[in-house]
Amino acid sequence: MLLTNIKCLWGLRDQSLALRGVELAVLPCIENAYLRIEGEQVADFGPMQQLQHKERSGLTFDLSGQHVLPAWCDSHTHLVFAGSREQEFVDKIRGLTYAEIAQKGGGILHSAQNLQQTSSEILYEQAKQRLDGLKKLGTGAIEIKSGYGLTTEAEIKMLRVIQQLKKTAGIPIKATFLGAHAFPAAFKEDREGYIRLLIEEMLPVIARENLADYIDVFCEQGFFTPSETTQLLDAGRRFGLKAKLHANQLHNSGGVQVGVQAGAVSVDHLEHIGEEEIHLLAQHSTVATLLPSAAFFLRLPYPPARQLIEAGAAVAIASDFNPGSSPSGNMPLLVALACIQMRMLPEEAINAATFNGACAMEVQQEVGSIAVGKKANLIITQAMHSLAYLPYSFGTNLIESVILNGQFIPD
Ligand SMILES: [Zn+2]
């Protein structure tokens with residue numbers, strides 16, 4: 001397959017280290033370009049004038065005026081869940097407090113109760129449908145967490161659903177074990193008991209069946225303390241799971257320090273960080289993953305993207321798709337939010353949503369940028385004057401088509 005007359009071919013990059021600091025504002029491109037796909041991979045690309053000397057074969061698509069980007073890499077989602085929580089959304093608009101909502105059956109524990117009662121077939125079907133929707137918006141790699149099970153049986157059920165998606169979705173998927181999302185009601189007075197259950201009962205099964213790539217903990221006041229988090233990450237490491245962490249979402253919880261210390265692949269959220277945490281992230285390879293749609297949906301302050309970038313941290317953005325605080329995985333909208341609300345430049349936001357997202361799930365050798373031999377996972381925009389038009393026109397779908405594994409996905 002040959003794409004010709006591409007107005008601008010973006011995200012050309014063949015490296016393995018996450019982009020940090022000023023590198024984030026550089027999105028390498030070729031104007032008036034062609035790109036050739038063979039099988040599932042990018043075979044060749046360059047300026048149009050070079051194509052004249054090459055033999056043309058296969059299907060050709062003229063993309064005059066259109067831009068081509070690498071597909072999004074969404075490195076933090078809770079895509080597998082049962083049902084939705086729009087009643088809670090309306091209750092919040094009406095002004096009900098968190099405690100009142102919890103009393104009516106809202107929050108993580110409510111999602112867990114729903115999930116425990118839902119069959120794996122239905123969970124799979126719902127998640128598959130969501131994922132198909134995301135692919136049409138250009139998502140070409142994704143991370144999915146457990147964490148709405150909170151019992152051994154339900155956590156394993158979730159992870160098996162993710163494993164099934166891995167086999168059928170046709171895009172790279174990373175699975176993260178987030179049994180430490182909240183303390184289930186039965187263990188409210190026995191935190192140690194639940195941590196023992198996570199370590200002694202769940203982790204061995206997960207390792208034996210190879211159900212997860214990472215371990216995650218909600219390190220937050222009222223949830224898991226820094227020392228409990230360290231204990232869980234250490235246990236995860238013994239079972240071969242690297243760390244990705246929910247850190248500093250609601251308070252300066254110490255999560256960043258714990259994550260960096262544990263060599264986490266990423267620490268995610270970071271709404272509440274100060275100089276010390278920013279400095280730490282600038283000095284370490286742990287990716288700082290920001291989730292602007294969660295701040296947007298919860299009307300909370302956004303994480304300090306500019307300070308992180310200016311200090312030299314590796315910043316990624318991801319959707320946090322989940323039923324409670326970000327019921328959307330729309331990456332183009334996230335890129336717009338990153339620009340509008342966190343003052344990231346369009347190039348920075350796109351790098352953060354593609355290459356650095358890939359780094360935050362260790363799939364950057366395969367996806368996240370355009371390079372010969374990498375997967376042909378591409379976004380084709382409508383005709384537009386410049387790349388900045390994409391986040392500028394927030395809420396407008398400017399993605400004309402998406403290519404995954406070298407094939408156009410059906411509309
Ligand atoms: Zn999350």
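In this predicted model, eight strands line up in an open sheet in the order 6-7-8-9-10-11-12-13, and the pairing is parallel. Strand 6 (72-74) and strand 13 (315-317) sit at the edges, each pairing on one side only. On average, neighbouring strands of the sheet are turned by 25° against each other, direction ignored. As a general point, strands of a sheet pair through backbone hydrogen bonds, either parallel or antiparallel.

One of the residues involved is Cys-73, whose bridge partner in strand 7 is Ala-141. Helix 14 (residues 346-353) packs on the sheet here, touching both strand 6 and strand 13, and its direction makes about 75° with that of strand 13. Then there is helix 8 (residues 226-238), which lies across strand 8 (173-180), strand 9 (214-219) and strand 10 (242-247). Helix 8 runs at about 175° to strand 9.

Now for the nonpolar core. The largest one holds 132 residues, and Leu-35, Val-68, Ala-288, Val-315, Val-335 and Ala-338 touch the most other members. Helix 13 (residues 331-342) gives the most to this core, with nine residues. In soluble globular proteins, nonpolar side chains tend to be buried together.

Val-68 is worth a look on its own. Leaving out residues up to four places away in sequence, Val-68 touches Leu-3, Ile-6, Leu-9, Trp-10, Leu-35, Leu-63, Leu-378, Ile-379 and Ile-380.

Terms used: Residues are numbered from 1 along each chain as its sequence is written. This is a predicted model: local features need pLDDT of at least 70, side-chain atom pairs count only at pLDDT 80 or more; totals for chains, interfaces and linings use all residues. Two strands pair if DSSP finds at least two bridges between them. Helices (H or I, at least four residues) and strands (E, at least two) are DSSP runs, numbered from the N terminus. Axes are lines fitted to C-alpha atoms, for helices over the stretch in contact, and angles run from 0 to 180 degrees between N-to-C directions. Two residues are in contact if their C-beta atoms, placed from the backbone, lie within 7 Å. A nonpolar core is a set of buried Ala, Val, Leu, Ile, Met, Phe, Trp, Tyr and Cys residues joined through C-beta atoms within 7 Å. A residue is buried if 20 or more other C-beta atoms lie within 10 Å of its own, exposed if 12 or fewer, and partly exposed in between; C-beta atoms are placed from the backbone.
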